[in-house]
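Please open the model in your viewer and keep the selection panel at hand. The stops below say what to select next and what is there.

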Amino acid sequence: MNDSHTLYWLKKDFRLFDNPALHQSLIDSNKVTPVFIMEDSFLESSDTSAFHVQALLEALFSFKKVLQSKGGELLIIRGEVIETFEKLHASFRFNKIYAHQETGTFRTYQRDIAVRNWCQKKEIDFKEPLQTAVFRNLSNRDTRHTYWKEFTFEKLIPIPKKLSNCIVIPEWYKFETRTDSLTLESLGFSLSSIQKESMQKVSEKDAFNDLDSFLHERGLAYRGGISSPLTAFQAGSRTSVHLAYGTITSRTIYQKTLERMEELKLQMEAGVKNAGKWRMSLRSFLSRLHWRDHFIQRLETEPSMEFEAINLAYEKLEYNADPKLLSAWQNGNTGFPMVDASIRCLNETGFINFRMRAMITSFACHTLQISWKDINCPMAKMYTDYEPGIHLSQLQMQASVVGINTVRIYNPNKQIIDQDPDTIFIKKFVPELKKYSSEQIILHKEETLGNYPPNIVDYKISSAEMRQKIYAIRKTEGYREIADAVYKKHGSRKKSKTKNRKKEK
Ligand SMILES: Cc1cc2nc3c(=O)[nH]c(=O)nc-3n(C[C@H](O)[C@H](O)[C@H](O)COP(=O)(O)OP(=O)(O)OC[C@H]3O[C@@H](n4cnc5c(N)ncnc54)[C@H](O)[C@@H]3O)c2cc1C
């Protein structure tokens, strides 16, 4: 502990529990200023939406309120990062910055490099502890699991006792941005009242409440329940948004789930009804949670995947650049009811389940033949839980440009039969279809249903054409070597039985 001054630069880590950067900065120094910078470059970025800004503001202000209730302070400044550090440093010197290591887009990657260089110039120590099990400069992919385990099972860090050491230097208050300039509207965004009401609430308290209700009430329906948009809003953990804004850590979720599974094991032995089913649900939940770090690691290792296919052979794949197709997809007007309902649900609530995300991606990239690059930002903006590593990995996988997974082409009408046979979800989000029977909706193709348009393309012909183009690339010389190299660098070390088999979902 020393008297020097330290900054704790908050990024997307709005929590007090299990917060390594906050914890370490308070061990290092008895004067720490937590600072959040509302970056113009974030607000202006092509992957930022009103859902993201609203979630961030909620998480930020609830963090500030809890910190203040425990005697601490937080400084919020609108501006760019280096320019903000520069003016703070010029008015009162600090010699350390703590911020969590972030695996984000090219924008945040470049910003963090610039911060490192600036710190070096000013002789400021820049520390970037991990908050998730994703490792920089990982030389050997095979050792990742060992590091993952070490990090995930480390003892969780309690809420720091000395939060009153979180102070704002009086000289710095003049830089503070007024709270009334930090509303969604004053930042240039807007959401309708329906959107605001339907969005998930994001704060540390909500994160623990959502986890608790999942582990004790909702999680029993997890297996099976997460496939349909009718049930996934309840049956899924709904922790993705909290992980994206750092209101909870994945290792906290992991460890709390394991504790609950131990409890259930005892219940199972005592013959308590459903205890075994509960355990199976939580086991499949944990494997999905594990994928999270796996996919974020992919972006950390291969940042170029934001701009080009992870398997470069697919850079030659030809797409349809017709803006009318993109616009119909984005607005939920393709004439394919399950696709349109999912997109409109996203536009209204900021959330949809995994299967529907996979379907709308596959539909855009296979059936409409739109490039994954063209839907990247529009789709990122629809998800409140946008996490670049997962988003880009899944986007490329569902668009079949990774080449180490099965080509999965989702048939949107089969998804109605499987996931919404009574068209309840469809009618909720596509009200023009309310007066039609489920059979009419499923069979609808070339005709209009009232105001609802016909299929924008022929599903069978167009998807088959794209499948052919993908397989033509798979047959080109040198393709196998590229795919093997991708697998070696990024593939899951668990063997997939369906690998490389053609499949319709
Ligand atoms: C095209 C596409 C884009 C996606 N973009 C995102 C994104 O930006 N952010 C995001 O968090 N998830 C993304 N997902 C994964 C998944 O759809 C969401 O994590 C899930 O729907 C969130 O709901 P939940 O928290 O109830 O999930 P649960 O099923 O309860 O899962 C628990 C947690 O595990 C992780 N997880 C679940 N499924 C996956 C997966 N397939 N890959 C990686 N991690 C997973 C998430 O962190 C999730 O919160 C995407 C999927 C697809 C197909």
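A residue counts as near a molecule if its C-beta atom, placed from the backbone, lies within 6 Å of it. This is a predicted model, in which local features need pLDDT of at least 70 and side-chain atom pairs count only at pLDDT 80 or more, while totals for chains, interfaces and linings use all residues. Residues are numbered from 1 along each chain as its sequence is written.

**The ligand**

Select the ligand and the shell around it: 28 residues surround the ligand, and the closest are Gly236, Ser237, Ser240, Phe354 and Gln394. Two or more residues of the shell come from each of α11 (240–245), α13 (275–301), α16 (354–367) and α18 (388–398). Helices here are DSSP runs (H or I, at least four residues), numbered from the N terminus. Colour α13 next, as the largest share of the shell, six residues, comes from it. By class, the shell has 13 nonpolar, nine polar and six charged residues. Nonpolar means Ala, Val, Leu, Ile, Met, Phe, Trp, Tyr, Cys and Pro; charged means Asp, Glu, Lys and Arg; the others, Gly among them, are polar.

**The domains**

Colour by domain: domain 1 is 2–176, domain 2 is 197–301 and domain 3 is 304–504, with bounds from an automatic or database domain assignment. The shell around the ligand draws at least three residues from each of domain 2 and domain 3. The centres of these two domains, taken over C-alpha atoms, are separated by 26 Å.

Where they meet, 21 residues of domain 2 are in contact with 29 residues of domain 3 (contact: C-beta atoms, placed from the backbone, within 7 Å). On the domain 2 side, α13 gives the most, with eight residues. That side has ten nonpolar, eight polar and three charged residues.

**Ala309**

Select Ala309, in the loop between α13 and α14 (323–331). Is Ala309 buried or exposed? Ala309 counts as buried because it has 22 C-beta neighbours inside 10 Å; the cut-offs are 20 or more other C-beta atoms within 10 Å for buried, 12 or fewer for exposed, and partly exposed in between, with C-beta atoms placed from the backbone. Not counting residues up to four places away in sequence, Ala309 touches Tyr314, Glu315, Gln396 and Val401.

**Two helices**

Finally, show α15 (residues 337–349) with α16. In their contact, Met338, Val339, Ser342 and Ile343 of α15 meet Met356, Met359, Ile360 and Phe363 of α16. By class, this contact has seven nonpolar, one polar and no charged residues.
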